[in-house]
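These are my notebook entries on a single chain.

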Amino acid sequence: MSTALPLPVSVPSPLAILEDKPLVEDVRKLSRVNNVRAALIIAQQWATIAAVVAAAVYFDRWWLYIPAAAIIAAKQQALGIIMHDATHYRLFTARWANEYISNFLCAFPLGMSTQGYRGEH
């Protein structure tokens, strides 16, 4: 008994993707650096962390600390991802903002620095 191999599938050239105008426009739109959006994303992470800490302290139940820790850890991960964008100067339009705002609001709370991460990345 023999098994037939599937016929080769035609694979488009990687450059053919560049000819897909709607895709290219979507990538350009998503690649734009927006200072307000960046600030709001950072503020959202810190607001969530503050709300979770406040709720855990207010209700003071040991079993609430477990989901609180998980949510805070997820937001810390988000801060790390935001710092990664700043490492590539893709968070804010000004280079100084990528350095200082990322350091103070994203990297330092994680025990890191944007410059140190950039050197290792």
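This is a predicted model: local features need pLDDT of at least 70, side-chain atom pairs count only at pLDDT 80 or more; totals for chains, interfaces and linings use all residues.

**Entry 1: helix α2**

I began where α2 ends: Asp60 follows this helix, and its phi is positive, near 45°. Residues are numbered from 1 along each chain as its sequence is written, and side-chain values use heavy atoms, with hydrogens and water left out.

Helices here are DSSP runs (H or I, at least four residues), numbered from the N terminus. I then checked the length of α2, which has 25 residues (35–59). The expected span is 1.5 Å times one less than the number of residues. This gives 36 Å for α2, and its end C-alpha atoms are 36 Å apart, which agrees.

At the start of α2, I found a side-chain oxygen of Asn34 within 3.0 Å of the backbone nitrogen of Val36.

An α-helix has 3.6 residues a turn, so residues three or four places apart point the same way.

**Entry 2: salt bridges**

How many salt bridges does the structure hold? I counted two, taking a salt bridge as a side-chain nitrogen of Lys or Arg within 4 Å of a carboxyl oxygen of Asp or Glu.

One joins Arg28 to Glu25, at 3.2 Å from N to O. Both residues belong to helix α1 (residues 21–31) and sit three residues apart, about one turn of the helix. Glu25 is partly exposed, at 42% relative accessible area.

The other pairs Glu99 with Arg118, at 2.7 Å from N to O. This pair links distant parts of the chain, 19 residues apart: Glu99 lies in helix α4 (residues 95–107) and Arg118 in helix α5 (residues 114–120). I noted Glu99 as buried, with a relative accessible area of 11%, and Arg118 as partly exposed, at 23%.

**Entry 3: Thr114**

Is Thr114 buried or exposed? Its relative accessibility is 0%, so I recorded Thr114 as buried. Thr114 is found in helix α5. Leaving aside residues up to four places away in sequence, I listed its contacts as Met83, Ala86, Thr87, Asn98, Glu99, Ser102, Asn103 and Ala107, where contact means heavy atoms within 4.5 Å.

Notes:
Helices (H or I, at least four residues) and strands (E, at least two) are DSSP runs, numbered from the N terminus. Buried means under 20% relative accessible area, exposed over 50%, partly exposed in between (1.4 Å probe, protein chains only). A polar contact is a pair of N or O atoms within 3.5 Å; within protein, one must be able to donate a hydrogen and the other to accept it, and residues adjacent in sequence count only if both atoms are side-chain atoms.
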